[in-house]
Amino acid sequence: MRLSKVSFRYSRRGPWVLRDVELAIRPGSVVEVTGRNGAGKSTLLRLLAGIVPPSKGSISERPRVVGYAPDVFPVDQPFTVTAYLTHMARIRGVSPGAMERLAERLDAAHLLEQPLGDLSKGSAQKIGLIQSLLAPPGLLILDEPFAGLDAHTRTELPVIIGEVAAAGGIVVVSDHQNQLENFPGADHWLVAGGTVAVEAGERLRQAVIEVLVDAEHADEVEQKLRADGYTTRRTA
Ligand SMILES: Nc1ncnc2c1ncn2[C@@H]1O[C@H](COP(=O)(O)OP(=O)(O)OP(=O)(O)O)[C@@H](O)[C@H]1O
C-alpha cells in the first residue's frame, strides 16, 4: 500500500493537518504510530482506512478487507452488542461464529446481551475491536486500542496483531502507551509538524514452537513467557 504526496485538511480554508506524506507499507507489516496530542495520528489512520479521502495526493493498493477500530467507539446506537455484531458480520459476509470466537478470546462473552449504550469505555473498546476483526483484515487500523483495556486483553491484543501480520495483513496502531514499542519487527512512525517520520523495524525471522505443559501450570508458564517478551497463544 502506498501514500503519494498525501495532504489533508478538514476544511477548504482550514490548516493543513498533514502535508505531502509519502509512505510505502509492505504486506505483513506492523506499524506503531506515535506523536503528541493533536499531531494528526487519528487523521492519518482515517486516511489509511479510507474513511476520509486525501485533500491532495493519492492512496493506492489498499487491501480489500479493512478492519478499523476508532479511538472512541460510538455507543449511541439502539442495539444489543449481539445485534450490532451480527449485523456487522452479515455486512462483511462472515458467520456469527466469528463474533462468538472473538468475544471469547477478548473476554467479552458476558457483554453480548448488553445494550451498546450501557457499556463501559473499556468494554465498548473491546466491541470496536471485535467488529474490526470479524472478517480477516488485509489492513487492520487500530486507533489507541490499548486505552482502557484490561490486563488480559492488553496481552492478547499483540498476539492477535501478530496473527494478522503473519497472515500477510498490514496492521497500523496508534499507541500512546507504547505497548508495541518492543513488538518484533514493528515499524515506528512519528507524526509531527504535518509530516510522518519513519523508523523501519528490523525484519527478524520468526519461528513458532509448541510447548506442552500440565494444565495446572499453564497460566504460570504463559505469564513467564509473556513477561520475557514472547508472544504466546493457548490452543487448549
Ligand atoms: N473533525 C475535525 N474537524 C476539524 N479539525 C479536526 C477534526 N478532527 C481533528 N481535527 C484537528 O486536526 C488535528 C489533528 O487531530 P487528530 O485527532 O488527528 O490528532 P491526534 O494525533 O490523533 O491527537 P490525540 O493524540 O489527541 O488523539 C488537530 O488540530 C485537531 O484539532
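Me: How many of the 13 residues of α4 are buried?
Reply: 12 of the 13, so α4 is largely enclosed by the rest of the structure. Buried here means under 20% relative accessible area, with exposed over 50% and partly exposed in between (1.4 Å probe, protein chains only). Before we go on, this is a predicted model: local features need pLDDT of at least 70, side-chain atom pairs count only at pLDDT 80 or more, and totals for chains, interfaces and linings use all residues. Residues are numbered from 1 along each chain as its sequence is written, and side-chain values use heavy atoms, with hydrogens and water left out.

Me: OK. Where does α4 run, and what span does it reach?
Reply: α4 covers residues 121-133 and reaches 19 Å from its first C-alpha to its last, close to the 18 Å expected at 1.5 Å a residue. That expected span is 1.5 Å times one less than the number of residues. Helices (H or I, at least four residues) and strands (E, at least two) are DSSP runs, numbered from the N terminus.

Me: And what covers the buried residues of α4?
Reply: The cover includes the strands β5 (66-69) and β6 (139-143), plus the helices α2 (81-92), α3 (97-105) and α5 (151-166). Among the buried residues of α4 are Gln125, Lys126 and Ile130.

Me: Let's take Gln125. What is Gln125 in contact with?
Reply: Leaving aside neighbours within four places in sequence, Gln125 is in contact with Pro70, Asp71, Asp143, Glu144, Pro145, Ala147 and Leu149. Contact means heavy atoms within 4.5 Å. Gln125 counts as buried at 6% relative accessibility, and a polar atom of its side chain lies 3.1 Å from the backbone oxygen of Glu144.

Me: Lys126 is a charged one. Which residue does Lys126 form a salt bridge with?
Reply: Asp150, with the closest N and O atoms 2.8 Å apart. The pair links distant parts of the chain, since Lys126 is in helix α4 and Asp150 is in the loop between β6 and α5, 24 residues apart. A salt bridge is a side-chain nitrogen of Lys or Arg within 4 Å of a carboxyl oxygen of Asp or Glu.

Me: Buried or exposed, for Lys126? And how does Asp150 count?
Reply: Lys126 counts as buried, at 5% relative accessibility. Asp150 counts as partly exposed, at 31%.

Me: How many salt bridges does that rule give?
Reply: Four salt bridges. In one of them, the side chains of Glu156 and Arg105 meet at 2.7 Å, N to O. Glu156 is in helix α5 and Arg105 in helix α3, 51 residues apart, so this pair also links distant parts of the chain. Glu156 counts as buried at 8% relative accessibility, whereas Arg105 is partly exposed with a relative accessible area of 22%.

Me: What about Glu220, which residue does its side chain meet in a salt bridge?
Reply: Lys224, at 3.5 Å, N to O. Both lie in helix α6 (residues 218-227), four residues apart, about one turn of the helix. An α-helix has 3.6 residues a turn, so residues three or four places apart point the same way. Glu220 is partly exposed at 41% and Lys224 is exposed at 53%. Elsewhere, salt bridges that share partners join Arg105, Glu156 and Glu163 into one network.

Me: Switching topic: how is the protein divided into domains?
Reply: Into domain 1 (2-207) and domain 2 (208-236), with bounds that come from an automatic or database domain assignment. Their centres, taken over C-alpha atoms, are separated by 27 Å. The contact takes six residues from domain 1 and six residues from domain 2.

Me: What area do domain 1 and domain 2 bury between them?
Reply: About 500 Å², 54% of it on carbon and sulfur atoms. Buried area is the accessible area (1.4 Å probe) that two parts lose on being put together, summed over both. In domain 1, Thr155, Val159 and Ala207 lose the most area to domain 2, together 63% of what that side buries.

Me: Last one: where does Met99 lie?
Reply: In helix α3, and Met99 counts as buried at 2% relative accessibility. Leaving aside neighbours within four places in sequence, its contacts are Thr82, Leu85, Thr86, Leu112, Ile130 and Leu134.

Notes:
Polar contact = N/O pair within 3.5 Å; in protein donor to acceptor, adjacent residues only side chain to side chain.
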